[in-house]
Each structure stands twice: as structure tokens, then as C-alpha cells.
Amino acid sequence: FRGSKSKVDWDKEKIDLVADDDFKMRALIDIVREKSIRRTIDARALDIGKIKDAASGLKKCEIKLKQGVPVDTAKTIVKAIKDSKLKVQAQIQDNQVRVSGKKRDDLQEVMTLVRGKDYELPLQFINFRD
């Protein structure tokens, strides 16, 4: 964008975009989306806001970064796990759902169960047990 006033500001929780017009703003959004995918960040982790008019004719957009699982979504995940009748325990800890069980096969079944449902947020599965 040679000669334009395009700018990207990154904060821990959001990304602020500033561009000259709608076309350049959409191009900036595509660039941010592409760079995040290259860094193995799921595109569903980006909550892209509306393009707004800013001072001096510039366009502004805010992209929020989703971190953790919201409480209401965590409750539906725990309920789905408990309704599956698997021998695992599911609990909500801060912004994550912790599932523990004796057999690795049961934990893998829970992972496929949760992946099968669409919760519209990127899920990561971390196994601390070897």
C-alpha cells in the first residue's frame, strides 16, 4: 500500500487496523487472516468487528482475539460429555474445560465427541498424561 496511511496495531487482546478506504481495509483484514493461519492460529479465533469511519476520512476496524472458552459454551461442552455416559469427569477451570479419566481411549472418544459438535471456536486438546 505504497503512499497510503494503512496501519496495524497489535495489543495482547486485539488488533487495530486503519486504512484509507474499504478496499484497502478488506485487504488488510485478509492479510491478518492469512498471517494468523500461517502461524497455526485458527481463523475462528479472530472476531472481526465492523468497519467504521474514523477521523480525516480513514476507515477503522478492530479484530478481537478469542482466548479461552466462554462459560456458557463450557457448560454445554460439559453437559454433552456427561450425557455421553463415558467414564470421565469433566469440570470447568477458569477459561478451559478439564476432562480426566483412567483410560486413554475414553479421553480420545471425548475428543472426537467435542470435535464432532460445532461450537464456533477453535478447540485445542492438551494431554499432560503420558
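R33 and D30 sit 3 residues apart in helix α1 (residues 22-38), so about one helical turn separates them. Helices here are DSSP runs of H or I, at least four residues long, numbered from the N terminus, and strands are runs of E, at least two long.

A word on the model. It is predicted, so local features need pLDDT of at least 70, side-chain atom pairs count only at pLDDT 80 or more, and totals for chains, interfaces and linings use all residues. Residues are numbered from 1 along each chain as its sequence is written, and side-chain values use heavy atoms, with hydrogens and water left out.

Back to R33 and D30. They form a salt bridge, with the closest N and O atoms 3.5 Å apart. By salt bridge I mean a side-chain nitrogen of Lys or Arg within 4 Å of a carboxyl oxygen of Asp or Glu. R33 is partly exposed at 32% relative accessible area. D30 is partly exposed too, at 44%. The cut-offs: buried is under 20% relative accessible area, exposed is over 50%, and partly exposed lies in between, with a 1.4 Å probe and protein chains only.

Next pair, also in α1. E34 and R38 are 4 residues apart, about one turn of the helix. They form a salt bridge, closest N and O atoms 3.1 Å apart. E34 is partly exposed at 42%. R38 is exposed at 60%. Elsewhere, salt bridges that share partners link K14, D16 and E62 into one network.

One more pair. K24 bridges to D20, with 3.6 Å between the closest N and O atoms. K24 has a relative accessible area of 22%, partly exposed. D20 comes in at 24%, again partly exposed. How many salt bridges does a search of the whole structure find? The count is 9.

Now the nonpolar cores. A core is a set of buried Ala, Val, Leu, Ile, Met, Phe, Trp, Tyr and Cys residues joined through side-chain atoms within 4.5 Å. The largest has 13 residues. V69, I77, I81, V88, V110, V114 and Y119 touch the most other members. Which elements give two or more residues to this core? They are α2 (71-83), β6 (88-93) and α3 (104-116). α2 gives the most, with 5 residues.

Take I77. Leaving out residues up to four places away in sequence, I77 touches V69, V97, V114 and Y119. Contact here means heavy atoms within 4.5 Å.

There is a second, separate core of 10 residues. I15, M25, I29 and I63 are among them.
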